[in-house]
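This briefing covers a sheet, the helices on it and a set of salt bridges. Please view the model alongside the text.

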Amino acid sequence: MKNDERGYEKLQLSQDLVRRGMEEVRESVRMMKQSGADYDLEAALRGLMAETAQATGVAVEMDIRPLPPLGALHKKVIYHALREGLTNGIRHGECRRFRFELGHGDGYIRFFLWNDGKRFEPAAGAGIGLRVMNERARSLGGSLELSTPEDGGRLLTLLLPDET
């Protein structure tokens with residue numbers, strides 16, 4: 001019976017990876033069809049959170065404040081960081097609640113994604129998704145941090161220099 005469960009889990013993981021890859025392709029095509037100025041980042045973020053909540057049953061609170069004009073690369077990094085943070089929180093953290101905040105101040109776009117999942121225990125190396133997010137943030141002069149707040153859960157913080 002245990003082998004059947006592992007096989008089913010591997011099948012589910014494979015299906016998830018294919019779906020995720022297809023969604024990345026679709027989102028990239030949408031972003032390429034629109035210029036950076038025309039791409040509605042807030043609508044895309046709200047849609048991603050709503051889809052995640054509906055598909056998984058997690059609760060999502062959000063506070064998205066008006067942002068200065070952003071280029072396509074900044075928008076892509078923010079969108080992908082949210083998607084990766086939601087996915088990791090559900091898959092690895094077994095969380096049931098998220099709180100997302102996006103705004104700007106002091107010359108930075110400030111992105112915070114908290115979840116009530118398992119406390120963060122640094123592993124020997126970050127997963128590929130976390131490494132890619134970190135590289136994308138650094139390529140724009142920003143930073144990415146995954147931490148464990150005092151009150152528990154996990155917090156993903158992304159800071160990107162404001163383009164204005």
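The points below are grouped by topic.

This is a predicted model, in which local features need pLDDT of at least 70, side-chain atom pairs count only at pLDDT 80 or more, and totals for chains, interfaces and linings use all residues. Residues are numbered from 1 along each chain as its sequence is written, and side-chain values use heavy atoms, with hydrogens and water left out.

**Sheet**
- Five strands form an open sheet with mixed pairing, in the order S1-S2-S3-S5-S4 (strands are DSSP runs of E, at least two residues, numbered from the N terminus; two strands pair if DSSP finds at least two bridges between them).
- Strands S1 (59-64) and S4 (143-147) are the edges, each pairing on one side only.
- S3 (residues 108-115) and S5 (residues 154-161) run antiparallel and are joined by eight bridges; arginine 110 has leucine 159 in S5 as its bridge partner.

**Salt bridges**
- The whole structure has four salt bridges (a side-chain nitrogen of Lys or Arg within 4 Å of a carboxyl oxygen of Asp or Glu).
- Glutamate 42 and arginine 46 form one of them, at 2.9 Å from N to O; both lie in helix H2, four residues apart, about one turn of the helix (helices are DSSP runs of H or I, at least four residues).
- Lysine 118 pairs with glutamate 94 in a salt bridge, with the closest N and O atoms 3.2 Å apart.
- Arginine 110 also forms a salt bridge with aspartate 106, with 3.7 Å between the closest N and O atoms.
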